[in-house]
Structure formats: C-alpha cells, structure tokens
Amino acid sequence: MSQPAARPHQALILFAHGARDPLWAAPFEALQQLIQPQRPETRVELAFLELMQPNLPDLLQQLVAEGIREVSVVPVFLGQGGHVRRDLPGLIAQVQQQHPQMSIKVAQAVGEQPLVLDAIARYCASTLSGP
C-alpha cells in the first residue's frame with residue numbers, strides 16, 4: 001500500500017512587482033514552472049506587491065493556515081530598490097507579528113546575483129551582430 005504524498009512544510013515565494021496587464025506575469029509563471037520540478041518537496045508560489053494577486057500578506061496567511069512554517073521569499077527584481085528595501089520588510093514584519101511561529105527568510109533581489117547578471121549580460125551581448 002502506498003503512502004500518501006507528504007504535504008510540503010516549506011515554501012519558496014517568488015515576489016514580483018505586479019502590473020495591470022495580466023500578460024506581465026507570464027515570465028514569473030514560467031520561472032515558477034522551472035523551479036517546481038527542481039524542488040518537488042517545496043511549494044513554489046508567486047506573490048505580488050501590487051496590482052496582481054495574490055499579494056504577499058494574503059499568500060503568507062494562506063500558507064500558515066495550511067501548516068507551512070518555513071518560507072523563503074525571493075524578490076524577482078533587478079535591484080534592491082525602495083520596494084525591496086522598504087515595502088518588503090514592512091510586509092514581512094506585519095506577517096511575523098501575527099504569526100511568530102513562521103520562519104521567513106528574505107533573499108537578495110535576483111538581479112544582484114553574479115550568475116543572473118552574467119546571464120543577462122550574455123543575452124544583451126548576443127543581440128549584437130558580428131563577433
């Protein structure tokens with residue numbers, strides 16, 4: 001008799017800005033789909049700062065209700081601008097105050113990682129013609 005699949009106890013949240021155009025979310029959804037098979041034991045979710053759903057506090061509340069206690073939030077931003085430096089910590093603090101049992105780690109913005117910058121640089125250079 002097979003065992004039921006274990007429910008994930010941790011989540012990875014890809015945190016993006018949000019936009020009015022629903023097509024704007026497509027690259028983030030593609031990123032989510034690339035990550036999920038790499039970490040099948042982890043919930044991989046998207047959350048948005050504004051204009052799109054779910055927003056980060058609502059998603060974190062949902063995860064707490066589902067018993068997830070360990071979360072990593074990765075800002076899918078090119079840099080550590082005001083949203084990442086000010087808005088994100090405020091949202092995290094709000095949830096931590098309501099749910100101190102939840103462990104929330106916030107990573108640096110993806111655009112500040114050397115491997116990401118290298119990939120972007122290679123892509124940009126590839127758009128030029130010639131050697």
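Q: Contact means heavy atoms within 4.5 Å; with that in mind, what share of the contacts in the protein with a separation of 6 or more comes from residues 24 or more positions apart?
A: Residues 24 or more positions apart supply 73% of those contacts. A word on the model: it is predicted, so local features need pLDDT of at least 70 and side-chain atom pairs pLDDT 80 or more, while totals for chains, interfaces and linings use all residues. Residues are numbered from 1 along each chain as its sequence is written, and side-chain values use heavy atoms, leaving out hydrogens and water.

Q: What pattern does the protein follow along the sequence?
A: The pattern reads β-α-β-α-β-α-β-α, from 4 helices and 4 strands. These are DSSP runs numbered from the N terminus (helices H or I, at least four residues; strands E, at least two).

Q: Why does His99 count as buried?
A: Buried means under 20% relative accessible area, exposed over 50%, and partly exposed in between (1.4 Å probe, protein chains only). His99 has 15% relative accessibility, so it counts as buried. His99 sits in the loop between helix 3 (82-98) and strand 4, and beyond its neighbours within four places in sequence it touches Gln61 and Val64.

Q: Why is strand 1 described as largely enclosed by the rest of the structure?
A: 7 of the 7 residues of strand 1 are buried, so the rest of the structure largely encloses it. Gln10, Leu12, Leu14 and Ala16 point one way, Ala11, Ile13 and Phe15 the other, and all are buried. Across the whole protein, 36% of the 131 residues count as buried.

Q: What makes strand 1 and strand 2 a pair?
A: Pairing takes at least two bridges found by DSSP. Strand 1 and strand 2 (residues 43-48) have 6, in the parallel sense, with Ala16 bridged to Phe48. The chain passes between them through helix 1 (residues 26-35) in a right-handed β-α-β crossover: with the strands pointing away from the viewer, the path from the first strand over the helix to the second runs clockwise. Strand 1 also runs parallel to strand 3, joined by 6 bridges, and Leu14 partners Val74 there.

Q: Which strands each supply at least two residues of the lining of the largest pocket?
A: Strand 1 (10-16), strand 3 (70-75) and strand 4 (103-106) do. The lining includes Gln10, Leu12, Arg39, Glu70 and Lys105.

Conventions. 1 Å grid on protein atoms, 1.4 Å probe; cavity = no way out; pocket = protein on both sides within 12 Å on 5 of 7 lines; lining within 4 Å. Contact = heavy atoms within 4.5 Å.
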